[in-house]
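User: Hi! I've got a model open and would like to walk through a few spots with you. Could you take a look?

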Amino acid sequence: MALCRFALAAILCVVAAPVVNAQPAAPPKDPQAAAKPEQKPAPKPDEPPDQPKYEETVVVSASRSEEKLINAPATMTVIGPETIQSAPTQNFAELMRTVPGVNITQVSARDINITSRGATGTLSTGTLALLDGRSLYQDFFGFVMWDFLPVNLNEVKQVEVIRGPASAVWGANALNGVVNVITKSPREMQGTSAVLGVGGFDRQGATGSSSGAGTVFYISGTHAQAVNDRVAFKISGGGYTQDPYGRPTGPIPCDRAEVCATARRDYPGYSNQGTTQPKFDGRVDYDYADGKKLVISGGVAGTDGIMHTGIGPFDINQGSVMGYAKANFTRKAFKAAFFTNVLSGDASNLLTTDASVPPQPILFSFLTKTFDFEASNVSVKDKHVFTYGGNFRYNAFDLSLAPAAENRTEGGGYIQDEIFLSRLFRLVAGARVDRFDYLDTAVFSPRVSFIAKPNDNQTIRLSYNRAYRSPSVINNFLNVTIAEPLNLGAFSPLLAGRIYPIPITSTGDPNLKETSVDAYEIGYSGVVAKGRAIVSAAFYVNKTKDDIFFTEVPNSRWTASNPPPNWAFGFLPPAVINLVPGGSFPAHFTYSNFGHQTQKGFEFGVNSTLNRYVGLFANYSYQAKPKVDFALSELNLPRPTASTPGSISTGAVTSATSSSAMPTARSGRTSSTIAITARPRPTRS
């Protein structure tokens, strides 16, 4: 098996690495070492404290600077090392299932979609994902490919989740929330480790090659070492493979009267695909004598498997990879960073074909390059803590589905002031301004949070945020013609078996506006039970406008007076189109901005450590039915095919919405979780 050979080679490389270095590891660098007679030995990396102290949890994502979780101006959840250590699989989505208000869908072995405080479609576009502050968001489709995380779970220090808008500091695409994966430094994980796992899952009800039990296999290895009191490094490699999920058969379920008034279609007849995901990562830290620090890292991750899009599922081919390089420089509170992401791959559509005869699957080749420079600083004056910074980003694209897209340039700056009004009250006020070469005006994202602290471990927040998502490259420049097959035998028995491909053009709209949300929230965070538990609760109202949906252009349909080219290969007159329900066929789909939505919800969560080895968490979430000012019939929802008694199909383009908050909840919905986790005693090898 190719993956096994790759992963085994990676393990051997990292295990052999200590032999190359004869110099023993040194303790972590102390900037004040010159003033001290000796350094204390470094703590042993696999020796945890008696129990986590939640009041000491420090985060960096809420304000882009270090602060205690209990003082953050946003509702946050931190997935700590205890949860990561006890995770049953290397699938990143499993970690997120413990977070209140977070919705997760996994519709293929590799396709994970995560959304906070909103419905989750098959192409989630409103959550910004970061790895140590480096964006993983794919601007070409406007989504996150979680399988391109190049690190192993044992390298992750914590995962910080902002449950709500965060564009005031992070800019574009932090519409519904932010997920920031923070990795350990080499000095925090010195030693060599290897992980091997195998598991299975049931595929009851599936047919064909994707029936019976499915298997999951993963392997990884990591080596980290402090060469001396200045230099430390780590390298890691691994792989993950999973069999395809089963596919259901029969009619597609439908409980919405406005979209299922006619006979229902069956599930499309394609086979699911599994996934194979190799990865490699490396990092070198250099600590200067005066306290400055330089971190250089780089890595590559590969994937294959199904990616669901607005024009049907694509099967990503083997050899599709994303590589990155990053440099971070820190001097006291000043931070500067540069990174580049390069994504290259190709895929073929499993359902959608072009209008050629015979029809051919739609192919998608993609090459994207991102270059980003950013800087930030923190300064303190009297009762004010100022955080400010900015970034500049350049993207280059070569996309077969959007040949007119070439490059994008964007930049922005932010400032935030945390004002200590008194011992009990604080006010956090800030804003960010972003400018894009593809939007007509600059985007302004303010944030205000009034914080009351009855004591050091209790916080009550009243906040307002504005956030946005910029249109993706596909939203702006999609240009592809696909075919909707029409059986001509429905018109005449003499033409039975002849399939005419109705050409349907799908295009982007360069004039789209950004999707924005105004969010209002009252929240509470508290460390209770003598520091052994943290409690959070929040009530929110999100008002979204100009969401982007895929929809038909109604005044551009094929009719008897405007038939499609080479209509019915010349066997039928255009007048027979009048026999079709509505007397026309769809001809053109595009992306459009749609009106307003209002979503309300409540979240509650508890995370507790009973002792060193047993933890307990519980959460409850409620999301009310969204209120919208447009009809669902305007959207290109997956819907049944209308037909005449002669079974003349007039189905729409096979579609999966790319909205960040699809307004299809029939009524309010709730979710709750209670779980106990056991953590085995750490052992040495």
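User: Thanks! Which strands each supply at least two residues of the nonpolar patch?
Analyst: Those are β24 (458-469), β31 (588-609) and β32 (614-623). Strands here are DSSP E runs of at least two residues, numbered from the N terminus. This is a predicted model, where local features need pLDDT of at least 70, side-chain atom pairs count only at pLDDT 80 or more, and totals for chains, interfaces and linings use all residues. Residues are numbered from 1 along each chain as its sequence is written, and side-chain values use heavy atoms, leaving out hydrogens and water.

User: How much accessible area does the patch have together?
Analyst: About 1000 Å², with Phe 450, Ile 460 and Tyr 622 among its residues.

User: Where is Phe 450, and why does it count as partly exposed?
Analyst: Phe 450 lies in strand β23 (residues 443-455). It counts as partly exposed because its relative accessibility is 34%, and that class runs between buried (under 20%) and exposed (over 50%).

User: Switching topic: how many residues of β16 are buried?
Analyst: Twelve of the 17 in β16 (residues 293-309), so the strand is mostly covered.

User: And which strands does β16 pair with?
Analyst: β16 pairs in the antiparallel sense with β15 (residues 275-287) over nine bridges and with β17 (residues 312-331) over 16 bridges; pairing takes at least two DSSP bridges. Asp 285 stands opposite Val 295 in β16.

Note on methods: Buried < 20%, exposed > 50% of the residue type's maximum accessible area, 1.4 Å probe, protein only. Helix = DSSP H or I, 4+ residues; strand = E, 2+ residues; numbered from the N terminus. Patch = residues over 30% accessible without salt bridge, like charges linked within 9 Å, V, L, I, M, F, W, Y side chains within 5 Å. Areas by Shrake-Rupley, 256 points an atom, 1.4 Å probe, with all protein chains shown as cover. Salt bridge = Lys/Arg side-chain N within 4 Å of Asp/Glu carboxyl O.
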